[in-house]
Amino acid sequence: MRRSILLAVGARAVRSLTAARSLRGRFPARDQNSAFLGPEPRGKDARKWHIRDKRKLSPRLREFFLYSPALGRTVGVRVLLPGIPAEVSPVIHLYHGGGDDFRSWTDFGAAEELTADSPYLVVMPDGGAGTYSRVAVGSDVHDWPSFHTKEIPDFLAKTYSVETDRGSQLLAGLSMGGYGAMKYAAWHPDRFGAAAAFSSPLDPLSAVPAFDIIAMREGARSMTLFGDRDADRSEWIANSPYGLAENLRDMDLWFSAGSGSLEETKDRDLLETLVNQQGERFSARLNSLGIRHSWFPRTTGLHNWVSWQRELGAWLTTLQRHRDYSSSQDSRRRRTHKHIADGGEFSYLTGHALFDIHGWRVEISRRRAQIVRFGSVSAAGFSLTGTGSFRVRTPDLFQPGKKYDITVTGPTGTNDYPQRADKKGRLTFTGRLAAAMHDPIIPGRRTQHFTTLGQEEVTTVRIASAEEPAGSPATDVAKTDDHVPNPAHPHGSDTSALDYS
């Protein structure tokens, strides 16, 4: 009964918001689509993204229709060229909310006017109903994260001159678009340097009905987005900016929300009040982790375009101040990530079974969804939590051809073995995490209490330089190249700069 009431209230809120936005003009998602382009590509043409149509709408505004293999259909993208042209431009990925589309920020949000004096190229891709997640719709899967974080960056790199370092890649959005911006930032802290969210739900587990409604608007069945909030809790956390907040360290975070009321009226906007409360929780979570951020709870403001225009303008002003004043801060941030690239320590929390982070590639074979901590990662080794087995490929941190001792210690025991780095200076190895034999491949009611057993178990991997016997090929190479820098290795052939202890 309680769930039905929450769904009814949420549906009414979405309908009211849709009606209010329609008063501003024709609702773009309802009367404009890509049907004029004809049938969707099939066969070989459907295997990679490509531009199907493009047009110039103003001196700065461009509109594209891209075929996306991740979505299996053609979707729209708008691009605002920098107000201050440059040879290479930083990028803002600007996302719309539920009920809007790729035209909304320029049609209703004054994005073109607000960025007139900005050096950023602004890309505004479509986000469907606004899940910013993988959604199963019948027999199809709409993979919005792959479209937004893989295909769109590739499209920009091949179409425009853009900067690709993390400090020049920024994410922002309103409502569900802000949720997407913060989630993508938590998923890819090595690729994005800033994230902003305006009036956004940042803790999905505290707003399950709202996420369920958004998924159903996409065409999915109820409770299929991330599953049941209790039985599938790991999936919810894996898609939660709040749950993955520790990944947001060393990132410029900016989020805001109105109070849900206006001074001259007694009306309350319950949706804005909800996201305001979520903003407070998210800020408290970041504070508990010691992560710096900017949280702006407004004393007035509703869940509407008047608020979002104001917030976009305020964030852009903040970005300009940072660009004018933070050269030393930027250099510190670059040094931090250069240190990581050279084998310095970092940690990462994820729900993905396959992920790439700071040049490390990790594959985990598992039977159930789980949150994995890839911790204390450096050239000296790392730790992994969870059940199943793993395969890890390191970045090019090691001397090509040199032998290293690998020690894997976990719940199943200790395994030692040597391995030589490949010609690119990488190591690849496998190992076992906690055993999961109690967890059947086909779970049932009697086995649901096993879903988290073993997920907190820690497996550690240590990497140490091995002693090479005199006269071995690797020793001869080391002697020959003793004073010759190795371009594949950040420290040349001198491994003394790396700590393998």
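Mentor: In this predicted model, a residue is buried under 20% relative accessible area, exposed over 50%, and partly exposed in between.

Trainee: Why is Arg 52 called partly exposed?

Mentor: The relative accessibility of Arg 52 is 22%.

Trainee: What makes the contact of Arg 52 and Glu 40 a salt bridge?

Mentor: The N to O distance between the two side chains is 3.3 Å. A salt bridge requires a side-chain nitrogen of Lys or Arg within 4 Å of a carboxyl oxygen of Asp or Glu, so the pair qualifies. Arg 52 lies in strand 1 and Glu 40 in the loop between helix 2 and strand 1, so the pair ties together parts twelve residues apart in sequence.

Trainee: How do you know that Asp 250 and Arg 166 form a salt bridge?

Mentor: Their side chains meet at 3.9 Å, N to O, and the limit is within 4 Å. This pair links distant parts of the chain, 84 residues apart.

Trainee: Is Arg 166 called buried or exposed, and why?

Mentor: Arg 166 has 10% relative accessibility, so the residue counts as buried, the cut-off being under 20%. Asp 250, at 28%, counts as partly exposed.

Key: Residues numbered from 1 in each chain as written. Predicted model: local features only at pLDDT ≥ 70, side-chain atom pairs only at ≥ 80, totals over all residues. Heavy atoms only, no water. Helix = DSSP H or I, 4+ residues; strand = E, 2+ residues; numbered from the N terminus. Buried < 20%, exposed > 50% of the residue type's maximum accessible area, 1.4 Å probe, protein only.
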